[in-house]
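Work through these exercises with the structure open. Each task is followed by its solution.

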Amino acid sequence: MFTLLVRRADESVAVIRLTRDDGRLTAGPQRVVPSAALPDEIRAGEKDSTRWVWDDTFRWYPRLLAAGLRVERCVDLRLVHGILRRSEFTAGNALHGAPVGPWDAPQAAPTEADALFVVEPESLPDALGEFLRQRDAVETSAQRSRLELLTAAESTGALVAVEMRHRGIPWSAARHDELLTDVLGPRPSRAGDRPARMLDDLAAVRAALRAPDLNPDSPAELIRALRTAGLTVTSTRQWELQHLEHPVIEPLLRYKKKQRLLVANGWSWLEAWVRDGRFRPEYVPAAAATGRWGTSGGGALQLPRAVRGAVVADPGWALVVADASQLEPRVLTALSQDGAMARAGEGDLYEGIVASGAVATRAEAKVAMLGAMYGATQGDGGRLMPRLTRAFPRAIALVEAAARVGEHGGVVSTLLGRSSPRPGSDAGFDERPPEDGPGQVDGGMRAWGRFTRNFVVQGTAAEWALCWMGALRRSLTAEFGAGSDAPHLVFFLHDEVVVHTPASVAPRVAALMESAATEAGRLLFGDAPVRFPVTVATVTSY
DNA sequence: GCGTCTCGCGCG
DNA sequence: AAAGCGCGCGAGACGC
C-alpha cells in the first residue's frame, strides 16, 4: 500500500514496501536498486496503485516526469511534517512541537529536466522512521480522518505543482509583444531606454512639475518634486495621488502604470521566463502559513490581467478557466454553519446578503464581508460590521472568536487541522508568545488577531482548493489518461485553475471542473447546505 | 560594492 | 472610497 523510496549517498535507491498487519504498519525488507532501475520500479508500483513515500516531491518527481513516468499518489514527508508538527490535532504526540530539524528544510529546488549530470542529493535522514512517526501521529489523532484528508491533499498538490511546471503555461511571445507594443510603443532598440509612449507621459510630468531632470521612478525624488509643486503628499501611492487636483496627476499615473508593466512583465520578463512557448513558474506549496501556495520565478502569482492575453492555447487546443465564486465567504458559511448566510449564498452571495436586508447594495455586501474576514475596524468595512453581525451571528462569531485567540497569543486551526504559528516566530513553535498584561491587548497583538481571524478562513479555503484540484486531476486522468495529448492542469492560483485541453473535449473538461468543486465541498463539509459554484469559461486566450 | 530593508503595486 | 488578510518582485535607499 505504501512504497518508500530513499536515495542513498551513491545515488542508488532503497525501496521498502510497507503493509498493514493487524492494523499495524510494518516495513518489508529493503531492496537496493541502481538509479537506472527506478523507472521499472515506478511502473511496477503504479500497477499496484501503491502510494509512493519520499522525502520531497520536488527532488524526485521532475526527473520521473522527464523520463515519461507519472505517479498517481504520494506522501511528501517534508510537507506532511510541516503540517503535523504544528497541528493542534497532534497534541500529545512526539511530532507535535518537535524542535526544528532536517525535515523542516525548505523545498528543494526543482531539478532541471536537462541537467542530467547533476548529482542527486541523498534523501533526508531516516525517512522510514519519519514516515512511521507521521503515521503514528495521524492514526492516534482524535481528528484522524481530517488529517488523513489534509496530508493526502497536500501531497497530491505537490504532484500537481511539479506536473504543471513540467507542462508549462502555453505562452505566445508574439502576442505578448503585441500587447506591450500597444500600450508602451515598440520595444526600444537600446536596453534601458524608455519606450516611446512612456516618453510622452514623462515629458508631461516633468513639465507640470517644472522639473526637467526628474526621475519619477525614485519615490524620494518624486515626493520632493510634488511638494515643491505645492502638493501635500506623504507617499507616492496611487490611491493617495489619484484624488489630487493638479495637472501632473493624470500623466504621472499613466506613466506609473506603464512603468509597472514594463518593469514587471515587459520584454525582459518575456526573455527571462518564456522558453519554447511555455512559461514555467515554480510552485511552492504551503509557502504561506495558511497553506496557500506561493510561486517563485516570474511572479506567476501576480500575472496582471493586461498580459493574460498572451496565454494562448496551442492550435486545436483550448483553455478551460474556472474560478470558485466567492470562495472565502462560502467557506466561512460552511465552517460556521450559519443558516442565514447559507440561504444568502444560494445564488450570488453578495446579492443574497442584500436581499437579507443587512446592507443596501452589492458593493456594500462585498466590502462588509471582506471586512469581517480581514478584521476591518474603520472605513466602510468597519462601519457595516454591526449590521452583518445582526444578520449572520454565527458566521461573525466564528471569525471574532479566532481573532480573540490570536490577540491572546493562542493558536487557531483550519477545518482539516493546519494550525497557525505562534506570534513572533517564523518556525511556529520555538518562541513563547510575547508577554501579555492582564486584559491588555496592544496593537501588535491586535494585528496578530487579524491574522488568526483570517487564517481559519483563508486556510480552510486553501484546503478546499487543494481538494478541488486533486479531485479534478483524478477525474481528468480517469477519463483521458495522462498522455501528452490529454487535458492537463497548467495553472493554479488560490481559487482559480486553468486546464489546457484538446478543444474537442473542452465541454467535458468544464463539466469535470464543476463536479470536482462539488466533490471538494462534500469532502470538507459533508452534507452542509453550502454550494461551491464555479464559473467556467472555455477560451483560446486567458 | 554587496547584502538587506522599504516602498509600491500586481494578484487572490 | 480607501484600509483590513495572504503573497512575490523590482528598484531605490540604506548600512556596512
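**Exercise 1.** State the domains of chain A.

*Solution.* Next, take the centres over C-alpha atoms: domain 1 and domain 2 are 48 Å apart.

The model is predicted: local features need pLDDT of at least 70, side-chain atom pairs count only at pLDDT 80 or more, and totals for chains, interfaces and linings use all residues. Residues are numbered from 1 along each chain as its sequence is written, while chains are lettered from A and ligands numbered from 1 in the order in which they are written.

**Exercise 2.** Describe the surface near DNA strand C.

*Solution.* Start with the count: 36 residues surround DNA strand C (near means a C-beta atom, placed from the backbone, within 6 Å). The closest are Ala220, Ala288, Gly294, Ala376 and Gly379.

Then find the elements (DSSP runs numbered from the N terminus; helices are H or I, at least four residues, strands E, at least two). Those that each supply at least two residues include helix 8 (219-228), strand 10 (294-296) and helix 17 (379-391). Helix 19 gives the most, with five residues.

Finally, sort by class: 15 nonpolar, 17 polar and four charged. Gly counts as polar here, and Ala as nonpolar.

**Exercise 3.** In what order do the three strands of the open sheet lie?

*Solution.* The order is 6-8-7, with antiparallel pairing. Strand 6 (169-170) and strand 7 (274-275) are at the edges with a single partner strand each, so one side of each has no neighbour in the sheet. Two bridges link strand 7 to strand 8 (residues 278-279); pairing requires at least two by DSSP. Val274 sits opposite Phe279 of strand 8.

Terms used: Domain bounds come from an automatic or database domain assignment.
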